[in-house]
Amino acid sequence: MSQLADVQRFIDASRKVRCAKELEFLITDVCLEMAFDYFALIHHVDLTPLNPSLNHVDDGSLVAITNYPEAWVEAYVARNIVANDPVLLASERTNAGFIWEDVGQFIPVTQEHRLVTEDTRHAGLAAGYTVPANVPGEANGSCNFAVRTGHALPTANLPMAQVVGAFAFQAARTLVLKAKERDANAPKVALTQRQLECILFVARGKTDWEIGKILGISEETVKRHLADARERYDVSKRMQVVMRAVYEGKIALSDILH
Amino acid sequence: MISIIDRYNKTQHGRLIRTMHAERKRVFVDLMRWNLGHDGDQEHDRFDDDNAQYLVLCNPEDGDHLASLRLLRTDRPHLMSEIFPYLCEAGVPSASSIREITRFCLSPRLRAAERLRARNTLVRGMVEFGLMSGLSAYTAVCEMGFLSQVLSAGWEVNPLGLPQIVEGQMIGAFRITITPDTLSKMVASWQCSEPVLRLVEREPAIAA
């Protein structure tokens with residue numbers, strides 16, 4: 001059967017899954033077909049909620065489904081490697097699939113990154129291919145495929161992995177979104193245009209006084225806008241407001257770096 | 001509001017069309033580095049002919065282009081059939097009820113929040129146009145970097161072949177099925193609550 005037919009079969013099945021466990025089985029199967037040993041479908045956030053029952057997906061918390069070696073998953077969560085994994089950092093700088101060897105094309109690789117890479121290999125993940133799944137208004141995510149020590153990266157199957165990865169993440173995202181919709185208590189936060197403007201300039205490192213000058217309003221008014229924004233997000237620090245606004249896609253990193 | 005522009009009303013939208021081609025040059029040539037012909041200011045190709053239709057979102061303040069896409073008939077030569085036929089494993093879809101989406105362009109002047117709003121408005125216009133015109137599907141050649149975002153809308157997308165690397169970019173051909181519930185099935189972050197399509201004033205035909 002052609003690879004496209006395999007992909008289509010995976011897509012059709014992935015649209016019908018009712019829970020994360022079903023999706024996990026599907027991805028495990030398609031991984032084998034593509035000659036990968038491991039996969040990890042994750043949102044790049046604190047992975048503490050991750051547990052084998054996959055409740056964290058079904059209750060709408062986050063996307064995190066993986067068959068990486070258990071010890072490595074434990075270390076990965078405990079050491080919060082998600083925040084410093086060069087592969088994930090690289091996948092936040094591009095939207096197209098890439099092999100792990102090439103992360104240096106996207107980020108400056110530090111000594112710390114090299115240690116993470118070494119630990120990854122040590123854990124039995126010899127090489128991999130990552131499909132970024134970054135979508136505005138949502139935490140960054142990725143679908144990672146890997147081979148175990150002694151297995152070669154199935155280079156000929158990377159185009160298939162690219163498509164499968166994107167559809168797999170979409171299936172997981174759909175599960176999370178549906179759970180969130182069910183959760184009637186989801187807080188609704190809407191910022192005003194003025195609040196957003198103030199937050200944007202905070203992100204660009206301006207003081208309240210400077211923001212007032214730029215927007216032609218008083219420093220006091222700027223303070224009030226930012227206080228209201230903190231209250232809406234229920235946070236106490238201005239940098240937290242910035243992070244939340246970026247996380248929700250209200251402002252983009254490209255706006256900040258103007 | 002989204003305007004449908006075609007050969008019949010093109011001349012009434014000179015400024016909008018001109019600024020659209022200028023922004024297409026900025027986005028596809030300058031920013032995305034696609035290898036396209038241009039005159040230094042505007043990007044045009046051979047498919048910008050009398051058979052092309054455009055859905056365009058206009059800035060109400062200055063009348064300039066904010067977002068647009070070009071629709072090509074698939075029962076005539078179009079981008080996928082002429083330039084990328086090898087991306088379709090089982091032949092290039094071709095029917096009067098299928099249009100190809102090309103040159104999906106959001107103004108680079110838009111900031112993140114406005115950008116998403118413009119995207120959602122344009123996409124809603126595209127689905128409304130499909131429903132009004134009795135279309136069954138859209139096709140598109142897509143850079144893989146955009147696939148996740150396209151899928152995140154929550155509509156029915158299927159690949160027409162496996163992606164291939166062309167001029168350093170991995171690209172693939174896709175089909176988006178359009179049904180009466182496509183709009184309601186789109187996820188909240190892609191929704192645009194108001195109908196957006198406007199039937200553009202057309203000079204009545206003068207009897208000969």
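This is a predicted model: local features need pLDDT of at least 70, side-chain atom pairs count only at pLDDT 80 or more; totals for chains, interfaces and linings use all residues.
Residues are numbered from 1 along each chain as its sequence is written, chains are lettered from A in the order in which they are written, and side-chain values use heavy atoms, with hydrogens and water left out.

Chain A has twelve helices and five strands, these being DSSP runs numbered from the N terminus (helices H or I of at least four residues, strands E of at least two). Its C-alpha atoms fill a box of roughly 65 × 45 × 35 Å along the principal axes. Of the 258 residues in chain A, 46% are buried, where buried means under 20% relative accessible area, exposed over 50% and partly exposed in between, with a 1.4 Å probe and protein chains only. Among contacts in chain A (heavy atoms within 4.5 Å) between residues at least 6 apart in sequence, 66% join residues at least 24 apart.

Rolling a probe the size of a water molecule over the atoms shows where empty space is left. A cavity is a set of points, on a 1 Å grid over the protein atoms alone, where a 1.4 Å probe fits but cannot get out, and its lining residues have an atom within 4 Å of a point; grid points are joined across faces, edges and corners, and the volume is the space filled by probe spheres set on the points. The structure holds three cavities of 30 Å³ or more.

The largest cavity has a volume of about 180 Å³ and is lined by 17 residues, of which Ala40(A), Ile42(A), Tyr68(A), Trp72(A) and Tyr76(A) lie nearest its centre. Strand E1 (38-43), helix H4 (70-78) and helix H5 (86-91) of chain A each give two or more residues to this lining, and the largest share, four residues, comes from H4(A). By class, the lining of the largest cavity holds 13 nonpolar residues, three polar and one charged (Ala, Val, Leu, Ile, Met, Phe, Trp, Tyr, Cys and Pro count as nonpolar, Asp, Glu, Lys and Arg as charged, and the others, Gly among them, as polar).

The second largest cavity, of about 90 Å³, is lined by residues of chains A and B, including Gln193(A), Lys250(A), Arg111(B) and Arg117(B). Helix H8 (193-203) of chain A and helix H3 (112-132) of chain B each give two or more residues, and the lining has five nonpolar, one polar and six charged residues.

A search of the whole structure finds zero disulfides over all chains, a disulfide being a pair of cysteine sulfur atoms within 2.5 Å. For Cys192(B), the nearest cysteine sulfur, that of Cys58(B), is 15 Å away. Cys192(B) counts as buried because its relative accessible area is 17%, and Cys198(A) counts as buried at 0%.

Terms used
On a 1 Å grid over the protein atoms alone, a cavity is a set of points where a 1.4 Å probe fits but cannot get out, and a pocket is an open set with protein on both sides within 12 Å along at least five of seven lines; lining residues have an atom within 4 Å of a point.
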